[in-house]
Amino acid sequence: SALFGYNGGGHVVNNGTIHAALTSGTATIATPLTTSLTNLTMAAGTETVSLTDGGTLSGTLTVPSGTIFSLDGGAMALNGATFSGAGLTRFNGAPVTLTGTTTVNTLFGFSGGTISGAGNLALTGQTTWSNGKIELTGTTTSSGALTVTGSNTSQLYGSFTNSGTLTIPTSDSLELENSAVLTNAFGGTIDLAGSGSALFGYNGGGHVVNNGTINAALTSGTTTIATPLTNDASGVINLGTATLAASRGFANSGTVNIGYQTFTVTGGLTLTSKGTLAFDVGASAHGTLTSSTPTKVGGHVTIALASGYIPSVGTAVTLITTTGPKSGSFIVDSTQAIGSTNDGWKMSTKGKRVTITVRPLSDVAGSVTAPATATQTVPFTVNSSVSNNGPEAANSAAVTLSLPSSIAVSGSLPTGC
């Protein structure tokens with residue numbers, strides 16, 4: 001069934017009710033449609049309602065399970081529209097302009113065209129973005145499961161906040177244009193799910209700000225964030241089992257779990273005093289961070305040893321290597337005990353490397369000398385000495401002289417005894 005505008009003519013203005021696609025198949029409105037979506041009804045089934053010549057929509061549409069509501073062509077204006085139900089809402093090539101807030105609670109497929117305007121877009125359900133541009137001056141939010149497919153075919157302008165799960169599969173990418181900012185909110189997850197997965201800043205554009213979790217390369221290979229990356233205090237980045245390349249600069253105030261993998265940074269590396277880098281170290285492998293740009297180091301470094309591995313004194317591991325100028329130092333966690341031994345990691349940030357070496361920790365020894373016998377009322381002397389044989393400072397030491405209970409000591413003991 002169709003409403004068809006010959007040679008682009010015609011216009012349908014609905015103030016009553018349109019019952020669309022009461023059976024299976026496709027119902028097409030091929031002329032501009034102006035209606036409140038509340039006055040457009042779709043029956044459950046397998047039908048598709050296709051708008052191919054644009055129009056103006058507002059109000060709320062229920063898209064039943066198994067059905068598709070598709071904007072397939074023509075300039076479409078959405079004025080505070082809401083799409084609800086268990087079906088699929090699809091933007092399939094039509095240029096769509098938003099005013100107010102458009103909310104998509106259904107399944108959502110964005111497979112081409114442009115979403116623009118001063119309005120906001122709120123995605124709450126499962127979304128697949130395979131092509132097209134989002135270039136709103138308002139905000140875009142996603143609180144459901146969003147999957148971006150295609151290589152640089154999905155392009156973001158403006159502000160996008162993810163509080164759900166954003167997945168970029170193997171060899172796919174999301175392209176950030178100009179001043180676009182992708183914020184991964186606290187509780188949100190970005191899964192760069194395989195080799196070739198990428199967040200890509202076109203011509204140096206874009207910025208990724210992480211307050212949630214980024215899982216980089218859940219399988220093998222290399223995944224890339226080719227736009228400035230800021231990991232804020234609540235942010236966590238997990239390298240999984242592959243290599244992460246941050247090729248436009250990285251600033252860390254959160255936690256980066258490097259594990260046994262390689263984290264490569266170009267474009268500037270800043271490790272603030274609030275951040276933590278976590279490395280795994282084994283007998284034959286360890287994690288590394290490499291930077292070919294100016295590097296500011298600071299913050300915490302934590303070491304997790306492979307099960308059963310106890311490195312011997314003198315074992316040295318280089319965790320961070322930079323070929324550019326380096327400044328700063330790690331101000332905390334510079335020494336960590338190894339198991340139940342009295343050995344620990346001593347950190348050095350000399351030159352262009354950050355190296356950890358197994359060294360004995362503070363090793364306090366003491367000795368006491370006293371006469372074998374003493375005569376009542378006759379003074380005697382006890383000598384004690386304390387030494388620290390390890391490289392680390394000791395906070396305190398205690399010397400205790402025990403006497404039999406039958407001996408009473410009169411007078412005061414020396415200070416410190």
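N238 is placed in strand 28, which covers residues 236–238, where strands (E, at least two residues) and helices (H or I, at least four residues) are DSSP runs numbered from the N terminus. The model is a predicted one, in which local features need pLDDT of at least 70 and side-chain atom pairs count only at pLDDT 80 or more, while totals for chains, interfaces and linings use all residues. Residues are numbered from 1 along each chain as its sequence is written, and side-chain values use heavy atoms, with hydrogens and water left out. The chain has 44 strands and 0 helices.

**Chain totals**

- Of the 417 residues of the chain, 42% count as buried, where buried means under 20% relative accessible area, exposed means over 50%, and partly exposed lies in between (1.4 Å probe, protein chains only).
- The accessible surface of the chain is about 18,500 Å², with 52% of it belonging to carbon and sulfur atoms; such areas come from the Shrake-Rupley method with a 1.4 Å probe, and for residues only the protein chains shown count as cover.
- Among contacts (heavy atoms within 4.5 Å) between residues at least 6 apart in sequence, 37% join residues at least 24 apart.

- N238 counts as partly exposed because its relative accessible area is 23%, and, leaving aside neighbours within four places in sequence, N238 is in contact with T213, I214, N215, A216 and N257.
- The side chain of N238 makes a polar contact with the side chain of N215 at 3.0 Å, a polar contact being a pair of N or O atoms within 3.5 Å; within protein, one must be able to donate a hydrogen and the other to accept it, and residues adjacent in sequence count only if both atoms are side-chain atoms.
- N238 and T255 are 17 residues apart in sequence, and their C-alpha atoms are 8.6 Å apart in space.
- N162 lies in strand 18 (residues 154–162) and counts as buried because its relative accessibility is 0%.
- The side chain of N162 reaches the backbone nitrogen of G164 at 3.3 Å, and the contacts of N162 beyond four places in sequence are with S142, T183, N184, A185, G188, T189 and I190.

- Not counting residues up to four places away in sequence, F263 touches L239, L244, A246, F250, V256, I258, T288, L289 and T290.

**Loops and positive phi**

- Most residues other than glycine have a negative phi.
- S171, which is not a glycine, has a positive phi of about 70°; S171 lies in the loop between strand 19 (165–168) and strand 20 (173–176), and counts as partly exposed because its relative accessibility is 46%.
- N178 also has a positive phi, near 50°; N178 lies in the loop between strand 20 and strand 21 (181–184), and is exposed, with a relative accessible area of 55%.
- A283 lies in the loop between strand 34 (276–281) and strand 35 (288–291), and counts as exposed because its relative accessibility is 69%.
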